[in-house]
Amino acid sequence: MNTDLSHHVEQIALVDTHEHLRKEPEWVNDGPDILQDLFGNYVPADLHTAGARPAAMKRLMDGSDTDVVRRFQGIREAWEATQFTGYGEAVRLIARHVYGIDELTAVAIASAQEKIHALRQPGERLRLLRDAANLDHVQTDDFQWACLPDPSGPDFFLYDLSWAGFCDGQIDTEQIHAETNDEVTGLKSLRRAMEGIFSKYAGCAIAVKAQHAYNRTLNWTERDDAEAAIALDRILREPGAEIPVQTRLCLGDWCWARGLELSIEHNLPFKIHTGYYAGNDRMPVSRIAAGNMCALFARYPDARFVLMHIAYPYSDELVALAKHYRNIWVDLCWAWSIDPYSSRDFLRRFLHAVPANKLFAFGGDTGWPTGALAYSIQARNEICRALEAEIEDGYMTEKQAIDVATRIMRENQYACFDIAGTRANIREANTA
């Protein structure tokens, strides 16, 4: 149904708070073929769960094999079982909105192969995201400290300063020296190097990001300098050795806290992966609940914590945390594709428990612009369905629902992140 609400949700320039986008040269020179583009985001995990054979999955993603028909046929049965998951829906949205394919068949896919070559041209990455997806800007975690102006769209492509390695207790002394000219020999020099990284890159960063939940528990314990120094000394003395988990956790907790202090000093929100893991067969669920970090939230009340992916499947707990702690913002990034139905329900439950200025509506969490486009369509559709249900159930007027949509899709992000300041710093860096 075409309503004022649906028109507004479609037309608003949506802030994208989380991607892993590859940069322009990689998109143009080494980007995907048609099958890699359609199936190269998160759907391989669901195909694996559905029973696709490893050899068939390997062939599906082998761009050197020009037999598109046979590559698709190898996973067709698993695809038919997967097409209605959130990941599967995203594939169908890429097919329809990028390639004009209404039904995924081997023949239809093969006929669209040439279109990807037309899209992998300079400037098309920006056009797909800014114009086709109607995104205000994109915040990208590319897993590094450097947050340099992106020449393909300096005001549009903004970057997170990665802190995951430090939170894991991983200390790459050579890389640190290359970035800061500091030799890490102890805790004092490590602290100085961390300050140097922020001094060098924080100005052009939009946030700090850590996805260390993939490698360790989110449970945080405050560590004093003495115990952190012992842990660091052992790690430096035994490079490449198998370090006990508790030693890495000790140093990781200390580094995590220093990163938070620096993020406060430099006016940067701190994004943290919570909840579900990408991939298959390696998710210890005790690690991933956001409630593991309660001591951290209480210890740093002036930090702005952005908790990502609605901590799925621990979203009820996350609603309670966001209601209780004033320094928490919640991000629906990636959640729409993990489980659209639960994410729609989460949006409604959140709005009835937590002030509406503490929620961000979208991040695609993808590598290619076509995926981000499809995931943005998915998010807009589900946001509209959730708010239409609020109207139908008598909780909101349409005008109020439009106001909520504006908040969660754009205004809340501009209130939390210093977008104008980051853009100004990028422009200054470009003219230096």
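## Two loop residues with positive phi

Asp281 sits in the loop that runs between strand 5 and helix 17 (294–299). In this predicted model, phi of Asp281 is near 65 degrees, a positive value in a residue that is not glycine. Is Asp281 buried or exposed? Asp281 counts as exposed because its relative accessibility is 71%, and the cut-off for exposed is over 50%.

Ile310 is also worth a look: its phi is positive, at about 50 degrees, although Ile310 is not a glycine. Ile310 belongs to the loop between strand 6 and helix 18. With a relative accessibility of 1%, Ile310 counts as buried, whereas Asp281 counts as exposed.

## A cis peptide bond

The loop between strand 6 (305–308) and helix 18 (315–324) also holds Pro313. The peptide bond that joins Tyr312 and Pro313 is cis, with omega at about 10 degrees. If you are checking backbone torsions here, Ile310 with its positive phi and the cis bond between Tyr312 and Pro313 can be viewed together.

## Lys271, a buried lysine

Let's move to strand 5 (residues 270–273), where Lys271 is placed. Lys271 counts as buried because its relative accessibility is 0%. What does the side chain of Lys271 pair with? The side chains of Lys271 and Asp160 are joined by a polar contact of 3.1 Å. A polar atom of the Lys271 side chain also lies 2.6 Å from the backbone oxygen of Thr17.

Setting aside residues up to four places away in sequence, Lys271 touches Thr17, Gln139, Asp160, Ala207, Val208, Lys209, Ala210, Val306, Met308 and Phe417.

Ala207 counts as buried, at 0% relative accessibility. Beyond four places in sequence, the residues touched by Ala207 are Tyr159, Asp160, Leu161, Leu268, Pro269, Lys271 and Phe417.

## His137 on strand 2

His137 is part of strand 2 (residues 135–140). Its relative accessibility is 0%, so His137 counts as buried. The side chains of His137 and Asp136 form a polar contact of 2.7 Å.

Which residues does His137 contact, leaving aside neighbours within four places in sequence? They are Leu14, Val15, Asp16, Asp155, Phe156, Leu158, Ile419 and Arg423.

## The nonpolar cores

The largest nonpolar core holds 140 residues, and Phe39 and Leu190 are the ones that touch the most other members. Helix 21 (residues 369–392) supplies the largest share of this core, with ten residues. A separate core of eleven residues lies apart from it and includes Ile206, Cys416, Phe417 and Ile419.

Leu190 is in contact with Phe166, Ile171, Ile176, Val184, Leu232, Leu251, Trp254 and Cys255, once its neighbours within four places in sequence are left aside.

## Ile235 on helix 15

Helix 15 (residues 225–237) is where Ile235 is found. Ile235 is buried because its relative accessible area is 8%, under the 20% cut-off. With neighbours within four places left out, the contacts of Ile235 are Gly169, Ile243, Thr247, Arg248 and Leu251. Leu251 is also a contact of Leu190.

How far apart are Ile235 and Arg248 in sequence and in space? They are 13 residues apart in sequence, and their C-alpha atoms are 8.1 Å apart.

## One cavity

How many cavities of 30 Å³ or more are there? The count comes to one, and the largest cavity holds about 30 Å³ of space. Its lining is made up of Leu38, Asn41, Tyr42, Val43, Tyr87, Ala90, Val91, Ile94 and Tyr375.

Helix 8 (residues 86–99) gives the largest share of that lining, four residues. By class, eight lining residues are nonpolar and one is polar, with no charged residues.

Terms used: Residues are numbered from 1 along each chain as its sequence is written. This is a predicted model: local features need pLDDT of at least 70, side-chain atom pairs count only at pLDDT 80 or more; totals for chains, interfaces and linings use all residues. Side-chain values use heavy atoms; hydrogens and water are left out. Buried means under 20% relative accessible area, exposed over 50%, partly exposed in between (1.4 Å probe, protein chains only). A polar contact is a pair of N or O atoms within 3.5 Å; within protein, one must be able to donate a hydrogen and the other to accept it, and residues adjacent in sequence count only if both atoms are side-chain atoms. Contact means heavy atoms within 4.5 Å. A nonpolar core is a set of buried Ala, Val, Leu, Ile, Met, Phe, Trp, Tyr and Cys residues joined through side-chain atoms within 4.5 Å. On a 1 Å grid over the protein atoms alone, a cavity is a set of points where a 1.4 Å probe fits but cannot get out, and a pocket is an open set with protein on both sides within 12 Å along at least five of seven lines; lining residues have an atom within 4 Å of a point. Grid points are joined across faces, edges and corners, and a volume is the space filled by probe spheres set on the points. Ala, Val, Leu, Ile, Met, Phe, Trp, Tyr, Cys and Pro count as nonpolar, Asp, Glu, Lys and Arg as charged, and the others, Gly among them, as polar.
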